[in-house]
Amino acid sequence: MKEIMNDLYMEGQLDVEIAPVLQRMQNRIMKQTTYHGVITHKQPLDFWVYQEMIYELKPDVIIEIGNCRGGSTLALAHQQDLMDHGRIIAIDIDHSLLHEKARAHPRIEWIEDCAVAGFDKVKKKIKKTDTVLVIEDSAHTYKHTLKCLRLYSELIKVGGYMIIEDGIGRHGLRFGESPGPFEATTQFLTENKNFVADRDKESFFITWNPQGYLKRIS
Ligand SMILES: C[S@@+](CC[C@H](N)C(=O)[O-])C[C@H]1O[C@@H](n2cnc3c(N)ncnc32)[C@H](O)[C@@H]1O
């Protein structure tokens, strides 16, 4: 496999395979990526797709599972600011690293708890009429992801989405457990026929969420 030369730019190495490109992007995402100065670990092509989905669906509530420093949460809140619509429920087992800028955003409600154990706290905050988008970016184990899928999917109405991040682990990048989020999604789709993987959302080709854009169809 042809490696990426770190001292060469893209135009000088157009014959490299995709795997080293993904790894180089991952290094950038994990070590150098910020949103409005707040550290985030979001793949920018996927975030562009989120932006398209948020504009199109205009969810009343975005539930972000796994917030870390709050960079991605802040980015989602800014999308809602631009539409003057929506609120965010942000749940993470540990909010000690949250950046002040994210913590202070008025659209975001923070819940410090495990996404599974704390599900009822989240559910209580959702009104029957609310349209909900769920973005899951937390423990990335098979068991936890499957539990989140089973619990949070019930909050999504027909036409809505639950996004499972980082299915790229062991499916393009060498990180995480096997089975992991990708296999949890496969299992969920086998047992819940109300959802399908909307693979049109992967049309940039490069995604950190293969098979992870789950649409409720019935
Ligand atoms: C990859 S980081 C989130 C990154 C953030 N979404 C971003 O894009 O910048 C994963 C987060 O999941 C949280 N986490 C791990 N296990 C969890 C659990 N069982 N329930 C809720 N959050 C959990 C961690 O504390 C960590 O902050």
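These legends go with a few close-up views of a predicted model.

Local features are described here where pLDDT is at least 70, and side-chain atom pairs count only at pLDDT 80 or more, while totals for chains, interfaces and linings use all residues. Residues are numbered from 1 along each chain as its sequence is written.

**View A. Where domain 1 touches domain 2.** The domain assignment (bounds from an automatic or database assignment) gives domain 1 as 1-32 and domain 2 as 37-216. Their C-alpha centres lie 27 Å apart. Here, five residues of domain 1 are in contact with four of domain 2, contact being C-beta atoms, placed from the backbone, within 7 Å. On the domain 1 side, three of these residues are nonpolar, two are polar and none is charged (nonpolar: Ala, Val, Leu, Ile, Met, Phe, Trp, Tyr, Cys and Pro; charged: Asp, Glu, Lys and Arg; polar: the others, Gly among them).

**View B. The shell around the ligand.** Look for Thr-40, Gly-66, Cys-68, Ser-72 and Ser-138, which come nearest of the 19 residues around the ligand (C-beta, placed from the backbone, within 6 Å of it). Two elements, α3 (71-83) and β4 (87-92), each give two or more residues to this shell (DSSP runs numbered from the N terminus: helices H or I, at least four residues; strands E, at least two). The shell holds seven nonpolar, eight polar and four charged residues.

**View C. The two faces of α2 (residues 44-57).** Asp-46, Val-49, Tyr-50 and Met-53 are buried, whereas Trp-48, Glu-52 and Tyr-55 sit exposed on the face turned away (buried: 20 or more other C-beta atoms, placed from the backbone, within 10 Å of its own; exposed: 12 or fewer; partly exposed: in between). Cover for the buried residues includes β6 (132-136) and β7 (161-164).

Definitions and conventions:
Contact = placed C-beta atoms within 7 Å. Expected span 1.5 Å × (residues − 1).
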